[in-house]
Amino acid sequence: MSNNNGTLLEVKNLRTYFETEDGTVKAVDGVSFALQRGETLGIVGESGSGKSVTNLSIIRLVPNPPGRIAGGEIVFAGQDLLQLTEEEVRQIRGRRISMIFQDPMTSLNPFMKISRQLMEMTRLHLGHNKAQAYEHAVKMLEMVGIPDARARVEDYPHEFSGGMRQRVMIAMALSCEPELLIADEPTTALDVTIQAQILELIKKLKQRTGTSVILITHDLGVVAGMTDHVVVMYAGKVFERAPTRELFALPGNPYTRGLLRSVPDPTAEQGKLYQIPGLPPDVAHLKPGCPFAPRCDRVAEICRQEFPPFVQLNAEHYSLCHFAAEVYRESQKESSTSL
Amino acid sequence: MTESPGLMQSAPPRLTTLVREPLVAIRDLKVYFKAGKGRIVKAVDGVTLDIFKGETLGLVGESGCGKSTLGRTILRLTEPTAGQVLYRDQDLAKLSAKQMREQRRHLQIIFQDPYASLNPRMTVGQIIGEPLDTFKLASGTEAERRVQELMETVGLSKRFVKRYPHEFSGGQRQRIGIARALAVDPDFIVADEPISALDVSIQAQIMNLLERLKREKNLTYLFISHDLRAVRHVSDRVAVMYLGKLVELTGARTIYEEPLMPYTKALISAVPVPDPEIESQRRRIVLEGDVPSPLNPPAGCRFHTRCPYAIQSCKEVEPALVEIKPDHFAACIRISPDQPDIDRVKAGEAPGLSA
């Protein structure tokens, strides 16, 4: 592999824009982060934050038109994916980078037996012959915990339950042993006991195969249990980036702080929940200044005038806020008094 | 005897510490659907439950457990197959369609997808005002004033009165749905997954709004959700359903901290906690397999196919909901009031059977 420092993926100043009747929507606007080999990176955000578009950009699946990658670099194992031809990207997509989505039905072909769909992948990418591909398909279904895999491989997608379908999806995504798995809300449509199964499965497979994972989710509980690093997105920007424990213990951005406080903690007795007022912004009509300013509880005049700086708070901890250092200090104070 | 609906009917789950009157009393309610080829889905199969005046009763369970059907049946949006729904001493299940419409003044519902439940061709003002007209509660300028007041109550600007649902975000649409439900000044609201479709920062807003309205308007809620964190936060008591049956019922804190029945234990342990320190130390009970099809539920205890504690008797005996601890009901033959902790019950024993 062409890495020298353990970095598998580096997204640098990515900008993905959409042309709409409403004008240019800067869905992703200057996003940067890095993913180390063997790590899980969580990307958290609400709808419209740009978290899914970021990942569609990584695998070059942004619908064009209306979308286009307007700038930046996506360096995967030493190669800038944005410089590759469509054909070269196809060699990587599915083979070295694969994806699972919230609704597996959208990525499984309803008219094709699972066996054929799994075999297509490895015949194309790994050069398997028919017999090898078939055996590999059965092996993958077994690995993701489908009971009676040898029989079920002949079924169609609709014959599986939601949880089982997501397992099939994971089997398909991992069948070529990708270096990077992008999981976009993989458990959002599932029941909580099934969610636990799938998350446990992703963890286990990650340990076994060494695959790096990007986990996109709105669920801070899932992030807490699954990830090493977190990127918090809002209005197409990275608002905060930190190792997971640090982010939860010492958030350095008012949006992250608000988000953390607005989630009910089942292990604690809480009164009224903290609530972030207002609505997420319309990315097509962002005003100057900080996009979170209209909802921020510590907004000052400067926030409405100037776009905030991306402030480094700790070795790997950054926050997009005029008052990042102050917010960080407050978090430190709170965490020391709560101990 | 463990399987005795009659017994359950005479001793419904009740809070004994607080003497409270049930606002809605559900008695042995059954809702069956025909599923073609002569098959029947028992979506709700013999549920007995009191909802006390002024409480928020959380109703949780996974998809297909019957929780939404139960909620809809209380309001007769779905017709019951058998059983009673008592409200102010009358059985809603037996009312004529016309009589039931009258009762909907007092019993309202909020849906998960507020967009699907709002008429896209009506303005917000018309949507919220419609029930006022239907029930002849107000008209003309009085109705307009009420609509504005309701919009203010739920945190919508009065300026939006002439706008259409599609011009609003999910959270705002949910506020419209809540305002419409409040228009008739109801006693009781079924909130069916009211926050599931909303963004995290908006979920807190809606939960806080529902809690404030409850205090201000003396409402009683049945809060249906698969989100146990939200249910834990808003509810006084929580009822757990599995494949059409009530399997556990107790206070919101107790159900989270000391669940008794193995399914509830697994459900609680599966809930991700937003704290990496806690998450790294947690031992999860990961259930094997899927929820069985409600078309063909397992015999005996319906959970036995996935239950790590299941023994032979669990496949044969349908457990009744028993008061294992004060105000804490659970349906499991492997525990009893004398031996409430299933982990301490000897292998193969079913103390609930001999009780």
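**Figure 1. Contacts of Leu246(B).** Beyond its neighbours within four places in sequence, Leu246(B) is in contact with Val47(B), Thr48(B), Leu49(B), Leu59(B), Ala239(B), Val240(B), Met241(B), Leu321(B) and Ala331(B) (contact: heavy atoms within 4.5 Å). This is a predicted model, in which local features need pLDDT of at least 70 and side-chain atom pairs count only at pLDDT 80 or more, while totals for chains, interfaces and linings use all residues. Residues are numbered from 1 along each chain as its sequence is written, chains are lettered from A in the order in which they are written, and side-chain values use heavy atoms, with hydrogens and water left out.

**Figure 2. Setting of Leu246(B) in chain B.** Leu246(B) belongs to strand β10, residues 245–251 (strands: DSSP runs of E, at least two residues, numbered from the N terminus). With a relative accessible area of 9%, Leu246(B) is buried (under 20%, 1.4 Å probe, protein chains only). Its C-alpha atom is 9.5 Å from that of Phe329(B), 83 residues apart along the chain.

**Figure 3. The largest cavity.** Its volume is about 100 Å³ (cavity: on a 1 Å grid over the protein atoms alone, a set of points where a 1.4 Å probe fits but cannot get out; lining residues have an atom within 4 Å of a point). Of its 15 lining residues, Pro254(A), Cys290(A), Cys296(A), Cys303(A) and Cys321(A) are closest to the centre. The lining has twelve nonpolar, two polar and one charged residues (Cys and Pro count as nonpolar).

**Figure 4. The second largest cavity.** This cavity holds about 80 Å³ of space. Among its 13 lining residues, Pro262(B), Cys301(B), Cys307(B), Cys314(B) and Cys332(B) lie nearest its centre.

Terms used: Helix = DSSP H or I, 4+ residues; strand = E, 2+ residues; numbered from the N terminus. Buried < 20%, exposed > 50% of the residue type's maximum accessible area, 1.4 Å probe, protein only. 1 Å grid on protein atoms, 1.4 Å probe; cavity = no way out; pocket = protein on both sides within 12 Å on 5 of 7 lines; lining within 4 Å. Points joined across faces, edges and corners; volume = space filled by probe spheres on them.
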